[in-house]
Amino acid sequence: MWMVSPPVDEGSHQLAWLWDHGKGIFQYTKKLFLSRPVGRAQALEFIRKNAANALSMANLIVGLSSILSSLNRQYHCSCWLLLVGFLLDLADGAVARQLNACSALGAKLDDFADFTSFGLATALLLQPRGMLDGLLAIVYVLAVFARLCFFSSGIPFTYRGLPCPYASSLLASTFLLTGGHITLLRIAAIAMVLFMVDRGFYPHDKVLESQSWKKVIYAGGIVAVLFSPTTVAPIYYLAWSASYILLPFAIWSCKA
């Protein structure tokens, strides 16, 4: 006699499968929920440690974009990018100090970003086409390199030589205001090289960590880049940079 097996209840199999997977999802969700404070603390610590590095990386990307713009002869776009890099450079140091996230890696990344934006990208604004033009661009880049690598004042809140972001801001503003007048731009570049290699002292202005009027000037720089007419913003940055270059202690000496 043939034995007939009972029919298989596929509905019960599906319910069992759903139950097993539901338990797994519940256990995973429970574990995730219980560990959420730890994960959130780790995420906040990661952000704290890398906020300044992110600004330096943004400055590096802006510098590389400025280089590409100059290589494509879009010099006005390159100048605007350099002004944005100027703002990013002032912000990253302040963020690192306020969050107590200064590190050797962050300092190297900041220097590399500065060399890219305020050295290589700025030198390309000189549009070197001959031997003398190329020599001036090389000298400018070497001046930035020397300023970043070898000039240490040993005095708190003080630099030796002109910080290269201000030289870059002045050159970019000059380019925009003069429509790219090469002769004036090269004269300004020579002057900036002399200011950078000079061993005279410049104060650490600490714009975002000092008096309120400096913070207002920084905020005005953001507004000028985003909303001001193309003639107003270069004048603003030219006056800002020139005041620091020519009257560093009379105006910008840090009291913080």
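**How the helices of this model get their labels**

Student: Why do we say that α5 and α7 are roughly parallel to each other?
Tutor: The axes of helix α5 (residues 131–149) and helix α7 (residues 182–197) cross at roughly 30°. Angles under 35 degrees count as roughly parallel (over 145 is roughly antiparallel, 65 to 115 roughly perpendicular, the rest oblique), so α5 and α7 are roughly parallel. The axes, lines fitted to C-alpha atoms over the stretch in contact, with angles from 0 to 180 degrees between N-to-C directions, come within 9 Å. As background, this is a predicted model whose local features need pLDDT of at least 70 and whose side-chain atom pairs need 80 or more, while totals for chains, interfaces and linings use all residues. Residues are numbered from 1 along each chain as its sequence is written, and side-chain values use heavy atoms, leaving out hydrogens and water.

Student: Which residues make the contact between α5 and α7?
Tutor: From α5 come D133, L136, V139, Y140, A143, V144 and R147, and from α7 come R186, A189, I190, M192, V193, M196 and V197. Contact here means heavy atoms within 4.5 Å. These residues divide into 11 nonpolar, no polar and 3 charged. The classes are nonpolar (Ala, Val, Leu, Ile, Met, Phe, Trp, Tyr, Cys, Pro), charged (Asp, Glu, Lys, Arg) and polar (the others, Gly among them).

Student: What makes α4 roughly antiparallel to α5?
Tutor: Helix α4 (residues 104–123) and α5 have axes that come within 9 Å and cross at roughly 160°. That angle makes α4 roughly antiparallel to α5. Among the residues in this contact are F115 and F118 of α4, with Y140 and V144 of α5. The whole set divides into 10 nonpolar, 2 polar and 2 charged.

Student: How do you know that the span of α6 agrees with its number of residues?
Tutor: The expected span is 1.5 Å times one less than the number of residues. For the 15 residues of helix α6 (residues 164–178) this gives 21 Å, and the end C-alpha atoms are 21 Å apart, which agrees.

Student: What makes α6 largely enclosed by the rest of the structure?
Tutor: 13 of its 15 residues are buried, so α6 is largely enclosed. Buried means under 20% relative accessible area, exposed over 50%, and partly exposed in between (1.4 Å probe, protein chains only). Just after α6, G179 takes a positive phi of about 70°.

Student: Why is L99 called partly exposed?
Tutor: Its relative accessibility is 31%, so L99 counts as partly exposed. L99 lies in the loop between α3 (75–98) and α4. Its C-alpha atom is 7.6 Å from that of K49, though the two residues are 50 apart along the chain.

Student: Is Q127 buried or exposed?
Tutor: Q127 has a relative accessible area of 11%, so it is buried. Q127 is in the loop between α4 and α5, and its phi is positive too, at about 50°.

Student: And how do you know that S69 is buried?
Tutor: Its relative accessible area is 7%, so S69 is buried. S69 is in helix α2 (residues 36–71) and touches Q74, Y75, C77, S78 and L81, not counting residues up to four places away in sequence.

Terms used: Helices (H or I, at least four residues) and strands (E, at least two) are DSSP runs, numbered from the N terminus.
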